[in-house]
Amino acid sequence: MTLESRETPTESENKFIRIFLYLSFILIGIINTFLGPILPFLYEKWQLNDVQAGYFLAAQGLGGLTGTLAVSFLYGKFTTRWILAAGFVFIVFSLLGLSGAVWEIGLFSSFSSGLALGVIIPTATLIVSQTAGENRAPAINLLNFFWALGAVSSPMLFFGLNSQSQLNYFFIIIALIGIIFLAFLFRLKNIRIVSSKEKSKLSLREKSAVLFSVWLFVITVFLQIGIESSFSGWLPTFAKRITLSEWWLLAPTLYWAGFLLSRLISGFYLRRIGERPAILFGLLLVIGGQLILLLTNQIGISAFGAFVVGFGTAPVFPTTIAILSGKFERKAPELLSYMFLLSGLSSMTFSWLIGYAASITGELKTALFIPLL
């Protein structure tokens, strides 16, 4: 991918673009992760069962998958201003839909929020990469850091909420913030993203052979993203069911805190132990953290287990992608896009499966043994 515009942005304009995207990614981090913390409220609001609640998480995953598929076709036809604007419009409508009285509209709103994320996240990442020049790696890491800030703050925003009207006000406030970002968006330089004309020399059969040669990494990506999305989505509901106090929000907060801490120090331990051991170590932490969480009914111990899971989860996906990038080299870089599509499919599948299993067994804790297995 390359960026082009009729008028090359100046360095100051590029900085403004990046600052805008950094700040907007706090909101994106909140939207990306807040469905889990609001799920217990939606249970009460619409009298949902576990299967219906699982539909909300699955719908967001399906929306993300759809947005990721659609956005590559939009780059050659629309400028980034309009692509990002469409994403923010979907965010605003999804928030207003969740504040409504009909759960089916809320379900479609979850799909809309996922669609927005699938459009905004890859587009913003590409813009930051291109406008940062030689500093693209630190710039992208900084972008992900602001996303993580939003993810960590997301559960804390719900402390003190004790009525549906307060939750609706929260949705409206976040929607207004989205509108503010939408307004500032039109001060950005009008940039067009076009696909590179360089085509891969690999046939479909050769691409399939490459994917088969790294089947273990493919399975790792599918299972790890399924664990990350489904576990973080169902964790708040599980935490609330084991305690009657507001401290149930401690579990998702510590999960994302562990995730953020691990991403911050990943450069240090990756240099010390290497990429493949880091993946194995992360998966072992995920298993251990889930055992801690599922074998107790005390919110403090469960929250610590959630922290361990978050810390272990963080390095697995980006490190796996880094290994695959090195293995593919320049022969078939587009194969990596299959991994991102696979992660969306995994998120949708696992989230629904846990809700379905919880409805069959009558116990969410039993269903949460699925990602552990």
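Colleague: Which residues does serine 262 touch, not counting residues up to four places away in sequence?
Modeller: Serine 262 touches Tyr269, Phe311, Ala314 and Pro315, leaving aside residues up to four places away in sequence. Keep in mind that this is a predicted model.

Colleague: Where is serine 262 found?
Modeller: Serine 262 sits in helix α10, which covers residues 250-273.

Colleague: Buried or exposed?
Modeller: Serine 262 is buried, because its relative accessible area is 0% and the cut-off for buried is under 20%.

Colleague: What does the side chain of serine 262 reach?
Modeller: The backbone oxygen of phenylalanine 311, at 2.9 Å. Phe311 is also among the residues that serine 262 touches.

Colleague: Different topic. How many residues of helix α2 are buried?
Modeller: Eleven of the twelve residues in α2 (residues 35-46) are buried, so the helix is largely enclosed by the rest of the structure.

Colleague: Which ones?
Modeller: The buried residues in α2 are Leu35, Gly36, Pro37, Ile38, Leu39, Pro40, Phe41, Leu42, Tyr43, Lys45 and Trp46.

Colleague: And what comes just after α2?
Modeller: Glutamine 47, which takes a positive phi of about 55 degrees.

Colleague: On to the rings. How many aromatic pairs are there in the whole structure?
Modeller: A search of the whole structure gives 23 aromatic pairs. One of them is a tilted pair between phenylalanine 41 and tryptophan 248, with 6.1 Å centre to centre and 55 degrees between the planes.

Colleague: Which parts does that pair tie together?
Modeller: Phenylalanine 41 is in helix α2 and tryptophan 248 is in the loop between α9 (215-241) and α10, so the pair ties together parts that are 207 residues apart in sequence.

Colleague: What about phenylalanine 56 and tryptophan 103?
Modeller: Phenylalanine 56 and tryptophan 103 form a tilted aromatic pair, with 6.1 Å centre to centre and 40 degrees between the planes. The pair links distant parts of the chain: phenylalanine 56 is in helix α3 (residues 50-74) and tryptophan 103 in helix α5 (residues 103-131), 47 residues apart. Phenylalanine 56 is buried, and so is tryptophan 103.

Colleague: Which residues do ring pairs link into a cluster?
Modeller: Phe34, Phe41, Phe158, Phe170, Phe171 and Trp248 are linked into a cluster by ring pairs.

Colleague: Now the surface. Which residues form the nonpolar patch?
Modeller: Val89, Phe93, Leu96, Tyr169, Ile172, Leu176 and Ile179 form a nonpolar patch on the surface, and together they have about 660 Å² of accessible area. The elements that give two or more residues to the patch are α4 (80-98) and α7.

Colleague: Which element gives the most?
Modeller: α7 gives the most to the nonpolar patch, with four residues.

Colleague: And where is tyrosine 169, and is it buried or exposed?
Modeller: Tyrosine 169 is in helix α7. Tyrosine 169 counts as exposed, at 54% relative accessibility.

Colleague: What about phenylalanine 184?
Modeller: Phenylalanine 184 lies in helix α7, residues 164-185. Phenylalanine 184 is partly exposed, with a relative accessible area of 41%.

Colleague: What is the separation of the C-alpha atoms of phenylalanine 184 and phenylalanine 20?
Modeller: The C-alpha atoms of phenylalanine 184 and phenylalanine 20 are separated by 8.1 Å, and the two residues are 164 residues apart along the chain.

Definitions and conventions: Residues are numbered from 1 along each chain as its sequence is written. This is a predicted model: local features need pLDDT of at least 70, side-chain atom pairs count only at pLDDT 80 or more; totals for chains, interfaces and linings use all residues. Side-chain values use heavy atoms; hydrogens and water are left out. Buried means under 20% relative accessible area, exposed over 50%, partly exposed in between (1.4 Å probe, protein chains only). A polar contact is a pair of N or O atoms within 3.5 Å; within protein, one must be able to donate a hydrogen and the other to accept it, and residues adjacent in sequence count only if both atoms are side-chain atoms. Contact means heavy atoms within 4.5 Å. Patches are made of residues with over 30% relative accessible area and no salt bridge: like charges are joined within 9 Å, nonpolar side chains (Val, Leu, Ile, Met, Phe, Trp, Tyr) within 5 Å. Accessible areas come from the Shrake-Rupley method with a 1.4 Å probe; for residues, only the protein chains shown count as cover. A salt bridge is a side-chain nitrogen of Lys or Arg within 4 Å of a carboxyl oxygen of Asp or Glu. Rings of Phe, Tyr and Trp (its six-membered ring) pair if their centres lie within 6.5 Å; planes under 30 degrees apart count as stacked, over 60 as edge-to-face and the rest as tilted.
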